[in-house]
Amino acid sequence: MTKKPDAPAIRFKGFSDAWEQRKLTEFVEFFSGLTYTPNDVQENGTLVLRSSNVSNGEVVDADNIYVNPQVVNSENVKVGDIVVVVRNGSRSLIGKHAQIKAFMPNTVIGAFMTGIRSECPEFTNALLNTSRFEEEIAMNMGATINQITGYMFSKMEFKVPCLDEQKKIGEYFEKLDNLITLHQRKFEKLTNVKKSMLEKMFPQNGCSYPEIRFKGFTDAWEQRKVSELAEKTYGGGTPSTLNEAYWDGDIPWIQSSDVVDGRLFGVVPRKRITQYGLNNSATQLVPKNSIAIITRVGVGKLAFMPYSYATSQDFLSLSKLNAEPLFTVYACYKKLQSELNAVQGTSIKGITKDELLAKTVMVPQYAEQQQIGAFFSQLDNLITLHQRELEKLQNIKKSMLEKMFVYGGTRKWES
């Protein structure tokens, strides 16, 4: 069945009326932000929401600014209000917005923000998440100044349904946004826990004892070179991309772009090389349970590889490990993240094989290595779980924004 041009592809049961083309100003109201001077800023007082306070569709504490309440001549934000960035040095931030979801006393928006109020704020907020709103911004934004004015807002038009259908759509996206926020916060919390525990469960500044350790372990940690952690190392190569016989094989070929920062396990290669390609290039087959470390572009990122693989020339792999594998990958990650990011090559970031193998890490007894490795592995599994759920929900939201709204033709700008 062909979708009508005035109806969305997906809608709630019981609604069949056509959506109507309306100017944005016909169904929302605007309010302006506060203009203040540096002399008005103080340690506490009235909070002024700015672009830094809008992140991932939420109002957050970030670089908060407070002003003397006596200079405030703009209205306080209310629950349901949508705050929009309308002027910023970065063009990409124009249109970034968030809905006020909790009572925020003594809080206003800044001069480079605009407030929006409507009868169905959840629907309006979802509407501002659509690509149609992005098109309207691009169409109306100033050519020389990164801003959208009240006049530009007045020219924006959208197709909207009746109020009852707006409420249904708004409720749906509100619930979806709440789930996204839940997993985003859990992901960020666990990521921060990991960062903190990497500092506290590994010795710092030449010390032989960590701040936090598992019960029953009291011995001092020992310093060892990275070269002592593995019996063998493997370099990488760059097979010809023009020779089709090299590719579409079954051997995972890892590039630096495949290794995502913080994801130490299960990297997914975008390419696979054939045995023929492996035999006719400088690339080597690295045995499973090795650690692939980037030594050039993206230096310091690494991954534990539970399967055999080959790499580009950006890598050095540690194989036949002499320490507990899970502990080794986190020990190397901790060391390299803190030191290698400061290394500069002649034209790109990088470190030589000899420099990498000469690095030192602190190592405890094997039994303690096992517990530390298992702890961080479980923590990473939880992080990955929430990250994947977050990505899944974000993809669902993106898809439903396309299917539950009517976009219609592109309106031309009239000066």
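In this structure, the charge of Lys194 lies over the face of Tyr333, 5.0 Å from the ring centre; such a placement is counted if NZ of Lys or CZ of Arg is within 6 Å of the ring centre and within 35 degrees of the ring normal. Likewise, the charged end of Lys271 is found over the ring of Trp247, at 5.3 Å from its centre. The model is predicted, with local features needing pLDDT of at least 70 and side-chain atom pairs pLDDT 80 or more, while totals for chains, interfaces and linings use all residues. Residues are numbered from 1 along each chain, and side-chain values use heavy atoms, without hydrogens and water.

Next come the aromatic pairs. Rings of Phe, Tyr and Trp (its six-membered ring) pair if their centres lie within 6.5 Å; planes under 30 degrees apart count as stacked, over 60 as edge-to-face and the rest as tilted. The count comes to 18 aromatic pairs. Phe12 and Tyr172 have ring centres 6.4 Å apart and planes at 65°, so this pair is edge-to-face. Phe30 and Phe153 form a tilted pair, with 4.9 Å between centres and 35° between planes. One aromatic cluster has Phe202, Trp221 and Tyr330 among its members.

Finally, an unreviewed UniProt entry lists residues 376-403 as "coiled-coil region"; UniProt annotations may be inferred rather than shown by experiment. In the model, this span is 100% helix, where helices are DSSP runs (H or I) of at least four residues.

Methods: Helix = DSSP H or I, 4+ residues; strand = E, 2+ residues; numbered from the N terminus.
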